[in-house]
Amino acid sequence: MTTRIDATRFLPGEGDPIEDASIVIDGASISWVGPTAEAPDAETVISTETVMPGMWDAHAHFLGLTAANLELLAGMAPQAAILRSLPDMKAILNAGFTSVREVGGHGTYLAEAVEAGIAPGPWIYAAGAPLSQTGGHADLHGLPVDVVDGVFERHIGSPTVADGADDCRRLVRRQLRLGARVIKVCASGGVMSQIDHPKHQQFSDEELETIVEEAARAERVVAAHCHGKPGIMAALRAGVKTIEHGSHLDVEAAKAMADSGAILVPTRFVVQHLVDQGLEIGMPDYAFKKINDIAERHSQAMQTAISYGVTIAAGTDIFMPGAAGRNGEELGHLVDAGLSPVQAIEAATATGPLTLGPQAPEAGRLIEGYDADVICVTGDPTENISILADSDNVSHVLQRGTLVKG
């Protein structure tokens with residue numbers, strides 16, 4: 001079956017908008033792109049104001065939490081948590097996000113359900129369990145140390161805590177056994193962990209190098225949670241592909257990222273959301289203080305990264321209840337930090353697959369031969385980026401050529 005989409009405004013994902021252009025979808029792929037006046041016939045024709053690639057959230061979590069507190073996993077059945085993720089997946093898809101890089105959660109299981117057509121949702125490229133040193137960001141500090149790995153085994157299928165190069169190698173292999181498409185490491189302290197400091201480096205250089213090396217042997221890249229500069233620089237030395245958050249990134253770190261080709265996924269959405277609503281959605285007091293301490297510095301870091309040419313990918317860090325479907329708000333934050341609307345759209349489309357390295361699908365751009373993950377939008381997001389923050393403005397969503405909304 002062929003579908004043609006005629007658009008007043010054609011956003012290719014990379015490059016400038018084009019007026020009065022069309023795409024033709026044949027099966028799961030885009031088979032033709034060009035001026036509407038020259039478009040071939042198709043069995044179905046959709047007319048829209050704006051056509052663009054399906055968007056990517058390059059940093060999200062499916063955890064099924066009932067409050068913004070990771071330690072709740074200990075008392076939660078994984079079956080219930082997974083079921084609570086299903087409406088979140090559908091809301092994200094309806095918001096025009098056809099793909100998610102899930103960097104710690106139930107994503108490896110949910111990815112299978114989406115691929116099999118069992119549950120509607122974005123394509124999920126999951127990390128399995130994030131790697132944490134003892135006392136690190138993904139260690140649940142309020143629980144006994146001998147309980148933490150059991151919680152992650154029960155929910156995700158793998159432990160999370162590793163100490164020493166050999167143990168790091170073992171945990172990378174455990175994530176690969178789950179089907180992880182990317183490896184996540186906590187290279188600095190964090191906000192949602194009780195005892196550690198966001199500025200401090202976690203894992204030694206040797207450990208980080210081992211994680212990157214082992215991932216690379218399986219053609220996986222590493223995403224590094226980093227707030228502090230020491231962790232950012234250590235992760236870059238080790239060869240990670242993406243830096244997540246980057247709150248204390250400065251000029252030196254920005255130049256190092258630009259030189260190495262590493263991608264920043266700044267996740268401003270989660271910072272602003274937790275500052276505004278953290279206590280209302282069950283965020284622990286210690287975490288609420290931490291997020292307020294880094295909020296302004298994080299905003300400055302985003303501006304620094306953009307001004308020094310660091311490649312930016314859009315990611316929200318959604319993990320808390322009630323936020324799924326608001327993923328498009330991240331693009332507004334990127335524009336506030338200095339990207340143009342077209343650049344912000346590129347960060348949420350063409351750049352998204354790059355965060356997966358060799359595991360990237362041919363998606364994120366409207367070109368012949370690429371996956372037909374396509375959305376139609378009412379209005380002009382190049383003039384008003386907030387249009388993409390409202391899922392009601394996404395009139396049609398196609399995943400590999402199948403109409404799933406509209």
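Select Ser132. Ser132 counts as buried because its relative accessibility is 0% (buried means under 20% relative accessible area, with a 1.4 Å probe and protein chains only). This is a predicted model, in which local features need pLDDT of at least 70, side-chain atom pairs count only at pLDDT 80 or more, and totals for chains, interfaces and linings use all residues. Residues are numbered from 1 along each chain as its sequence is written, and side-chain values use heavy atoms, with hydrogens and water left out.

Next, show the loop around Ser132. The loop runs between strand 7 (123-126) and helix 3 (145-155). Helices (H or I, at least four residues) and strands (E, at least two) are DSSP runs, numbered from the N terminus.

The Ser132 side chain reaches the backbone nitrogen of Asp139 at 3.3 Å.

Then select the contacts of Ser132 (heavy atoms within 4.5 Å). Leaving aside neighbours within four places in sequence, they are His137, Ala138, Asp139, Thr160, Val161, Ala162 and Phe203.

Zoom out to the whole chain. Colour by secondary structure to find eleven helices and 15 strands. Along the principal axes, the C-alpha atoms fill a box of roughly 65 × 45 × 45 Å. Colour by burial next: 60% of the 406 residues count as buried. Of the contacts with a separation of 6 or more, 68% join residues 24 or more positions apart.

Finish with the surface. The chain exposes about 14600 Å² (Shrake-Rupley method, 1.4 Å probe). Carbon and sulfur atoms supply 48% of that area.

Note on methods:
Buried means under 20% relative accessible area, exposed over 50%, partly exposed in between (1.4 Å probe, protein chains only). A polar contact is a pair of N or O atoms within 3.5 Å; within protein, one must be able to donate a hydrogen and the other to accept it, and residues adjacent in sequence count only if both atoms are side-chain atoms.
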